[in-house]
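Reader: I am new to reading protein structures. Could we go through this one by question and answer?

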Amino acid sequence: VFPPYVRFINFESRKLNLNYIKKEFLWYLKGDRFDLSITEHAKLWKTLINQDNSINSNYGQYIFKSGQFDKVIEILKNDKDSRRASIMLLNSNHLLSKTNDVPCTYSMNFRIRRNKLNMTVRMRSQDAIYGLGNDLPVFSFVHEMMLNMLKKIYHDLQYGEYYHSVDSFHIYEKHFDMLLKIISGDKFKKVDCPKILDWQEVEFLRNLNFNSIPLRFEFTKWLTN
């Protein structure tokens with residue numbers, strides 16, 4: 001369970017690549033499965049390109065471009081207690097096709113309980129060192145975006161908990177020494193990340209036009225810097 005705004009794993013031995021996290025989230029916001037620009041920032045993505053030059057694990061295509069993000073807002077607007085406010089990422093096409101890129105995430109679920117917006121992310125597989133370190137901020141940003149959109153409807157809605165569930169949560173042997181340093185008291189440094197201001201900043205982020213960013217949108221300025 002991660003409390004609000006707890007999203008960066010920044011131990012000295014792990015060397016958090018904040019620039020990459022920003023690039024990945026911007027890539028997700030675009031949600032274009034044929035956008036291969038992310039391969040310039042992490043070599044792993046080159047091994048996951050399909051024969052049609054697409055990438056299945058661009059989560060933005062499922063979260064934003066499919067309409068599921070907006071559907072969650074509609075569901076919770078119509079029924080504040082709904083249990084149906086889910087976003088599906090992994091599907092049967094991924095599992096039945098011949099591809100090296102099977103999304104690691106099953107789903108995201110949003111629910112309002114005791115006037116807090118809680119989120120659960122369920123994953124089939126995740127590396128605890130770099131996988132979690134990159135995914136945690138991204139999903140947390142989506143959680144915060146959803147909160148701000150729903151606060152347009154429920155003005156006093158609060159930021160709830162982020163529940164993270166993984167079927168196979170593992171650490172690769174090459175990271176064993178790093179893990180030992182971390183659990184032995186490795187130095188941790190807090191990352192300063194501005195909050196998303198309101199629903200207007202969420203819509204600005206989704207419009208993807210960052211040529212003239214309003215001064216009040218500090219998160220967008222941080223993200224695109």
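Predicted model: local features only at pLDDT ≥ 70, side-chain atom pairs only at ≥ 80, totals over all residues.

Author: Val121 has a relative accessible area of 0%, so Val121 is buried.

Reader: In which strand is Val121 found?

Author: Strands are numbered from the N terminus. Val121 lies in the one that covers residues 116-127, which is strand E3.

Reader: Which residues is Val121 in contact with, leaving aside its neighbours within four places in sequence?

Author: Contact here means heavy atoms within 4.5 Å. With those neighbours left aside, the residues that Val121 contacts are Thr105, Ser107, Met108, Phe139, Tyr162, Tyr163, His164 and Ser165.

Reader: How many Å apart in space are Val121 and Ser86?

Author: In sequence, Val121 and Ser86 are 35 residues apart. From C-alpha to C-alpha, their separation in space is 9.8 Å.

Reader: Is Arg7 buried or exposed?

Author: Arg7 is placed in the segment before helix H1 (18-30). The cut-off for buried is under 20% relative accessible area. Arg7 has a relative accessibility of 3%, so Arg7 counts as buried.

Reader: With which side chain does the side chain of Arg7 make a polar contact?

Author: Not counting residues up to four places away in sequence, Arg7 touches Leu136, Pro137, Ser140, Phe141, Glu144, Tyr159 and Cys193. The polar contact of the Arg7 side chain, at 3.0 Å, is with the side chain of Glu144.

Reader: What is the phi of Tyr5?

Author: Most residues other than glycine have a negative phi. Tyr5, in the segment before H1, is not a glycine, yet its phi is positive, at about 70°.

Reader: Why does Tyr5 count as partly exposed?

Author: Partly exposed covers the range between the buried cut-off of 20% and the exposed cut-off of 50%. Tyr5 counts as partly exposed because its relative accessibility is 35%.

Reader: Where is Leu208, and what is its relative accessible area?

Author: Leu208 sits in the loop between H7 and helix H8 (218-224). Although Leu208 is not a glycine, it has a positive phi of about 65°. Leu208 is partly exposed, and its relative accessible area is 30%.

Reader: With which side chain does the side chain of Asn209 make a polar contact?

Author: Asn209 is also in the loop between H7 and H8. Asn209 is partly exposed, with a relative accessible area of 44%. At 3.2 Å, the side chain of Asn209 makes a polar contact with the side chain of Asn211.

Reader: Now the helices. What describes two packed helices?

Author: Two values are used. They are the angle between the axes and the distance between the axes.

Reader: Which residues of H1 make the contact with H5, and how does the contact divide by class?

Author: The crossing of H1 past H5 is right-handed. On the H5 side, the contact is made by Gly133, Asn134, Asp135, Pro137, Val138, Phe141, Val142 and Met145, and on the H1 side by Tyr20, Ile21, Glu24, Phe25, Tyr28 and Leu29. By class, these residues are 10 nonpolar, 2 polar and 2 charged.

Reader: How many nonpolar residues has the contact of H3 with H5?

Author: Helix H3 (residues 68-78) and H5 have axes that come within 10 Å and cross at roughly 45°, which means that H3 is oblique to H5. This crossing is right-handed. Phe69, Val72, Ile73 and Leu76 of H3 meet Val142, Met145, Met146, Met149 and Leu150 of H5. The contact has no polar and no charged residues, and its nonpolar residues number 9.

Reader: At what angle do H5 and H7 pack, and is their crossing left-handed or right-handed?

Author: Helix H5 (residues 130-151) and helix H7 (residues 199-207) have axes 8 Å apart and pack at an angle of about 125°, so H5 is oblique to H7. Met145, Asn148 and Met149 of H5 make the contact with Trp199, Val202, Glu203 and Arg206 of H7. These residues divide into 4 nonpolar, 1 polar and 2 charged. The angle is about 125°, and the crossing is left-handed.

Definitions and conventions:
Residues numbered from 1 in each chain as written. Heavy atoms only, no water. Helix = DSSP H or I, 4+ residues; strand = E, 2+ residues; numbered from the N terminus. Buried < 20%, exposed > 50% of the residue type's maximum accessible area, 1.4 Å probe, protein only. Polar contact = N/O pair within 3.5 Å; in protein donor to acceptor, adjacent residues only side chain to side chain. Axes fitted to C-alpha atoms, helices over the stretch in contact; angles between N-to-C directions. Parallel < 35°, antiparallel > 145°, perpendicular 65-115°, else oblique. Left-handed = near helix turned anticlockwise from the far one by under 90°. Nonpolar A, V, L, I, M, F, W, Y, C, P; charged D, E, K, R; others polar.
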